[in-house]
Amino acid sequence: MRPQRLVDLLALVALVLLALSAYLTWSIADPGSGRAVVHFNGYAVTRAPVTLALASAVAVIITKLAGTALRRVLSGLIVFMGAGAIGVALQVRPNAAELGRLRPELSQAVTDSVTLSTGPAPWLALAGGIALLAAGIVAVSTAHRWRRPTLRYERDPAVTPADQWKAIDAGEDPTV
């Protein structure tokens, strides 16, 4: 598989996993005493994985249009965003007080104790962060071998607008 396609595939996998981590349950809070269990999705707990995924998708798209030096800089940013997503997945575990601010029925004034557990979302965010980190590392190490952006839509500086009109009048397509 060509490195450029591998980066595309890894970035796509990372985008899907990080988006799923925002949708699925990140934390589960059980206030006890017969009260309803509250599920918090990833987007309610932290918006960082989705933000990092969207920023990385934009960076991957721009790498296709950039030269080698800018491609390496953007790929380095993708590596940092992958590391950030991994850090968020490993460290963001809200406690009962933080969840109580999101949902008042979990506050200390209403309930004596809240039992917390973790849903599947942090694991998806971790896998997405690893995929993003791998995409960035592959892109940094193979940036010099990627295809250059096409010159199809670039203007030839030697051709004046009058020459282009003459070509059109002669029945030629000046864009080819």
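A: Let's start with a term: a salt bridge is a side-chain nitrogen of Lys or Arg within 4 Å of a carboxyl oxygen of Asp or Glu. The structure, which is a predicted model, holds one salt bridge. Asp-8 forms it with Lys-64, and their closest N and O atoms are 2.8 Å apart. This pair links distant parts of the chain, since Asp-8 sits in helix H1 and Lys-64 in the loop between H3 and H4, 56 residues apart. Side chains of opposite charge can pair when their charged atoms come close. Helices here are DSSP runs (H or I, at least four residues), numbered from the N terminus.

Lys-64 is partly exposed because its relative accessible area is 29%; buried means under 20%, exposed over 50%, and partly exposed in between (1.4 Å probe, protein chains only). Lys-64 also touches Gln-4, a residue of helix H1. Leaving aside neighbours within four places in sequence, Gln-4 is in contact (heavy atoms within 4.5 Å) with Trp-146 and Arg-147 as well. With a relative accessible area of 14%, Gln-4 is buried.

Now to helix H4 itself, which spans 68-91. The patch covers about 560 Å² and is made by Val-58, Ile-62, Leu-70, Val-73, Leu-77 and Phe-80. Its residues have over 30% relative accessible area and no salt bridge, with nonpolar side chains (Val, Leu, Ile, Met, Phe, Trp, Tyr) joined within 5 Å; the areas come from the Shrake-Rupley method with a 1.4 Å probe, and only the protein chains shown count as cover. Phe-80, found in H4, counts as exposed because its relative accessibility is 63%.

Beyond its neighbours within four places in sequence, Met-81 touches Leu-52, Ala-55, Ser-56, Ala-59 and Leu-132.

Finally, a note on reading the model: residues are numbered from 1 along each chain as its sequence is written, and side-chain values use heavy atoms, without hydrogens and water. Local features need pLDDT of at least 70 and side-chain atom pairs count only at pLDDT 80 or more, while totals for chains, interfaces and linings use all residues.

Key
Patches are made of residues with over 30% relative accessible area and no salt bridge: like charges are joined within 9 Å, nonpolar side chains (Val, Leu, Ile, Met, Phe, Trp, Tyr) within 5 Å. Helices (H or I, at least four residues) and strands (E, at least two) are DSSP runs, numbered from the N terminus.
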